Amino acid sequence: MSASASAARAPGRGAQVSDLRKRADAFGDRGMFGICLLAALLAGGTIFLVGFQIVHGAVPAIDKFGFSFVYDTTWQPNFGRFGAGVLLFGTAVTSAFALLLGGPIAIAIGLFLTLLAPKSIGAVIGPLVELLAAIPSVILGFWGLVVLAPYLQEHVEPFLADKLGFVPIFGDPQTTGLSVFTASLILTIMVIPIIASISRDLFRSVPPELQDGAAVLGSTRWEVVRGIVLPTTSSGVIAACILGLGRALGEAIAVSQVIGAGSEIKANLFAPGSTLAAQIALQFPGALTELHKAALFYCGVILLAIGLAANLLAGWIGRRFSYGGAVNW
Amino acid sequence: MSDPLLPDPTAPLTPSGNLRRRQAVSRITEGAATAAAVVALAALVLVLWTVVSRGAGVISFDFIFKGYPEGVGPMLLGTIVIALLATAIAMPIGVLVALYVTEYSGAKGARTLKLILDLLNGLPSIILGLFAFVFIVEAQEKQTGFAGSVALAIIELPLIARGSQEVLQLVPINLREASDALGVARWRTVLSVILPSALGGIVTSTILAVARAAGETAPLILATSAFDPKKFSVNPFEALPNIPTWIYKVSEEGNPNGYAEAWGMSLVLVFIILVTSLGARALLARSKRKLSS
């Protein structure tokens, strides 16, 4: 802009323009704040809307069965009798199994990546473990159905039943290989990348001075881990495990593909079973009566309650007891 | 025999007794940690190898671009349409939520929103399927690709919001201060300074979220599973064919005749997901480095 042009401008006009601009800015600032707030409220509202709709869908079943639905073990759609006892049992067994097996493996991977692996190797293996989480659950379940289940049925289950048969959980193998055991192993594969990547980040946040101090005092590598790394991160690691548990509890697709749709509580891990989430995936598309649908919604309510509780608990433990590193995933 | 109280100067310098035990324990645990990493890698390799070796045989031009039964074109197209629509819903909301956290909410608001996003992220996907079913499918009395997109959008939302927020926080404070010093209004700063410099990171976080949502099956079997596998369609207001529900159907029917096709589709899906998520990860790391340097 040339000097003469601005000088030629009437004094009032410049003020007017800036006044306009001021008004536009006031409007723009408010508008920007408004839509951002709206988006935030929408995100918060979504949680409540989802919760409301699920509970709303379950109302007929809640009216009919009340709280006894939670522990009743009959599930007979043809007779209009529903109880989630078997499903809760199956959910608890598969998730607990996945966590007990996958948790230690995942934590060990976290330790390997932070303390043992040379940088170049860790830079390759870390992302590869996370890729495990990127495989869609339907493909993992399909692999479980076609490859893993027959293999377990032919080789692993007879071996375990033979050697450890005196423990009731290793009973007689079934003919298909579709079992609680197979489902638990698939869930194990799914929880490992979640827990491993969170615990790796936690272990990285442990101050190196503490570790070096312990090493200087003559600790072996394991003693550094046992005495420094694990105690300073234990709350975060527990929170990570609870998040993994939440993932295992809610997995519907892969579990329904390999668990074999059983309808009884059995101690034998090699027998078929079912879980809350798997039951919804298996039966909802073919549910005929309103009550059947409502009962599946009731399963959803239980699942939602457990899932939200697990998340809140993990967040609370992570905040309450965390040392340095926050829990992120 | 020498005096047991005096050290033997000729003894070899190897640990003994307690130290030896401690070092052995340490070595065993190191070995166990390495073995754990090997186990996880083995699982990844086994699954991917099965998908590639069994799926590669059926992949051909016809398989990807033609309608059923020669190919799975409609399913591939439907999956892409559903994922794109979900992203079109989730991305603006996610970025605005992230902007709200970084620009407007105080620390307290940020904590509340973080909790909300964490809870959304922790919702089991089958629950979102039930939600899409009562909220949209039952209301419209038909399955639609749109219902599936809404469920996938809820899955993507927390991922996009969290990713964008991390990138927005990396925008150098100097840029913001320079803009403030020139008397630029906040909203102009956001639109012309902050968003453009964070754009790369926002886009790549979104791609990561899409890669996660593209393989989700649970919401789709309730929202858009009764479709015509022969018909190419991009209309989200009818049931759209899609790859995940087809693989699920094949595995539920347990008919080995459909397995070859299902492996082929798995390979296509895994290929798309792995390529996009690996590419996005590399780009994200680059744009974060660029912002923070």
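Reader: Which residues line the largest cavity?

Author: This is a predicted model, in which local features need pLDDT of at least 70, side-chain atom pairs count only at pLDDT 80 or more, and totals for chains, interfaces and linings use all residues. Residues are numbered from 1 along each chain as its sequence is written, chains are lettered from A and ligands numbered from 1 in the order in which they are written, and side-chain values use heavy atoms, with hydrogens and water left out. On a 1 Å grid over the protein atoms alone, a cavity is a set of points where a 1.4 Å probe fits but cannot get out, and lining residues have an atom within 4 Å of a point. The lining of the largest cavity is A:V86, A:F89, A:G90, A:V180, A:E264, A:I265, A:K266, A:N268, A:P272, A:G273 and A:S274.

Reader: What volume does the largest cavity have?

Author: A search of the whole structure finds one cavity of 30 Å³ or more. Grid points are joined across faces, edges and corners, and a volume is the space filled by probe spheres set on the points. For the largest cavity this comes to about 60 Å³.

Reader: Which helix gives the largest share of the lining of the largest cavity?

Author: The lining divides into five nonpolar, four polar and two charged residues. Here Ala, Val, Leu, Ile, Met, Phe, Trp, Tyr, Cys and Pro count as nonpolar, Asp, Glu, Lys and Arg as charged, and the others, Gly among them, as polar. Helices are DSSP runs (H or I, at least four residues), numbered from the N terminus. The largest share, three residues, comes from helix 3 of chain A.

Reader: Why do helix 3 of chain A and helix 8 of chain A count as oblique to each other?

Author: Axes are lines fitted to C-alpha atoms, for helices over the stretch in contact, and angles run from 0 to 180 degrees between N-to-C directions. Angles under 35 degrees count as roughly parallel, over 145 as roughly antiparallel, 65 to 115 as roughly perpendicular and the rest as oblique. The axes of helix 3 of chain A and helix 8 of chain A are 9 Å apart, at an angle of about 140°. The two helices are therefore oblique.

Reader: How are helix 10 of chain B and helix 11 of chain B set to each other?

Author: Helix 10 (residues 243–253) and helix 11 (residues 259–292) of chain B pack with their axes 10 Å apart, at an angle of about 150°. They are therefore roughly antiparallel.

Reader: Which residues of helix 6 of chain A meet helix 5 of chain A?

Author: The axes of these two helices come within 9 Å and cross at roughly 125°. That makes helix 5 of chain A oblique to helix 6 of chain A. Contact means heavy atoms within 4.5 Å. On the side of helix 6 of chain A, the residues are A:F181, A:T182, A:L185, A:I186, A:I189 and A:M190.

Reader: Which helix gives the most to the lining of the second largest pocket?

Author: A pocket is an open set of points with protein on both sides within 12 Å along at least five of seven lines. The second largest pocket has a volume of about 440 Å³, and among the residues closest to its centre are A:W143 and B:V39. Its lining has 16 nonpolar, two polar and no charged residues. The most, seven residues, comes from helix 1 of chain B.
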